[in-house]
Amino acid sequence: MTKTFNDLLARLDACDMKKVAVAVAQDAPVLEAVKAAKERKIADSILVGDEEKIRAIAKEIDMDLTSFEIINVVDTMEAALTAVKLVHDGKADMYMKGLIDTKSFLKSVLDKEVGLRTGKALSHVCVFDIEGVDHLLFLTDVAFMTYPTLEDKVNIIKNTVEICEACGIDNPKVAPLAAVEVVNPKMPATVDAAELTRMNNEGEITGCIVDGPLSMDLAICPEAAQHKGAEGRKIVGDADILLFPDIHAGNLVYKTLVHTAKVINGNIITGTKAPVILTSRSDDFETKVNSLALGAVVAEKLKNN
């Protein structure tokens, strides 16, 4: 069973090495990450962008480009469309953001002709291995959907359940989070959480167990659940998926964990034809490599499907 990020990485041993297309690859942190990903046999890369700049940066970071395919496209948007088309056409398994602004990158993802649309809503998933927590936590959405509606939350759950399944976690427990664990009509997050729970109970949301509203302590701390007398609930401190009510709550928790706790994490955009690696400029080197590993695991699942 997958309980740690190392367990997740071990799943790659049985997979063919995946290939990632990098949009506007002339970015030192991204090149360092794809270099490490290739060395660790996580993924090979096709580098799309300004070749002269790519080679100059590679020289600075002591990166041998001999075995990397480079496609020289100087214009930023054209480079992004060239890279995403490689994934669209099945010549690469994943799509990664390089030195391009997020808005333009997502525009290429959603391009009607060469993008990665599936008809599903897009959402962001973070997978965390946190010291002191005995299983992986899937945080969503902390970077993409700002104020998700009830329908959006249903789609976020479906997207994240698919990621859990790719990571070897079947029938994950979903905690729609709120400040309290009881329904309060004046607190819309609790109302949505109760409706999501009803939908799960009645078979409208499948492949998971939904129990909400839940406060954060009841979702992730068995001791807190015991102290609060919540033993009768479906989730008693053992949630797999933490569903945030809005981007503010999710982003604050994400950055608090990254900057104060001992964690290993990776992030992807899901709901697309292939995994999309969208990391923050502030994400460290290992997070970028881990995100590629997560993408490779999901790409293997998509290939098998």
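Let me start with the buried residues of helix α7, which are T190, D192, A193, L196, T197, M199 and N200, where buried means under 20% relative accessible area, exposed means over 50%, and partly exposed lies in between, computed with a 1.4 Å probe on protein chains only. Please keep in mind that this is a predicted model, in which local features need pLDDT of at least 70 and side-chain atom pairs count only at pLDDT 80 or more, while totals for chains, interfaces and linings use all residues. Residues are numbered from 1 along each chain as its sequence is written, and side-chain values use heavy atoms, with hydrogens and water left out.

Helices here are DSSP runs of H or I with at least four residues, strands are runs of E with at least two, and both are numbered from the N terminus. The buried residues of α7 pack against α6 (150-166), β7 (173-176), β8 (209-210) and β9 (241-243), and contact means heavy atoms within 4.5 Å.

How far apart are the end C-alpha atoms of α7? They are 20 Å apart, which agrees with the 20 Å that the 14 residues of this helix (188-201) should span at 1.5 Å a residue, the expected span being 1.5 Å times one less than the number of residues. After α7 comes G203, whose phi is positive, near 85°.

Now to a pair of helices. Helix α2 (residues 28-39) and helix α11 (residues 285-304) have axes that come within 9 Å and cross at roughly 55°; the axes are lines fitted to C-alpha atoms, for helices over the stretch in contact, and angles run from 0 to 180 degrees between N-to-C directions. The two helices α2 and α11 are therefore oblique to each other, since angles under 35 degrees count as roughly parallel, over 145 as roughly antiparallel, 65 to 115 as roughly perpendicular, and the rest as oblique. On the α2 side, P29, E32, A33, V34, A36 and A37 meet F285, K288, V289 and L292 of α11.

Further along, K303 is also found in helix α11, and K303 is partly exposed, with a relative accessible area of 46%. Leaving out residues up to four places away in sequence, K303 touches D16 and K18. Although K303 and D93 are 210 residues apart in sequence, their C-alpha atoms are 8.9 Å apart in space.

Finally, V87 sits in helix α4 (residues 76-88) and is buried, with a relative accessible area of 4%. Again leaving out residues up to four places away in sequence, V87 touches A21, A92, D93, M94, Y95, L116 and A274.
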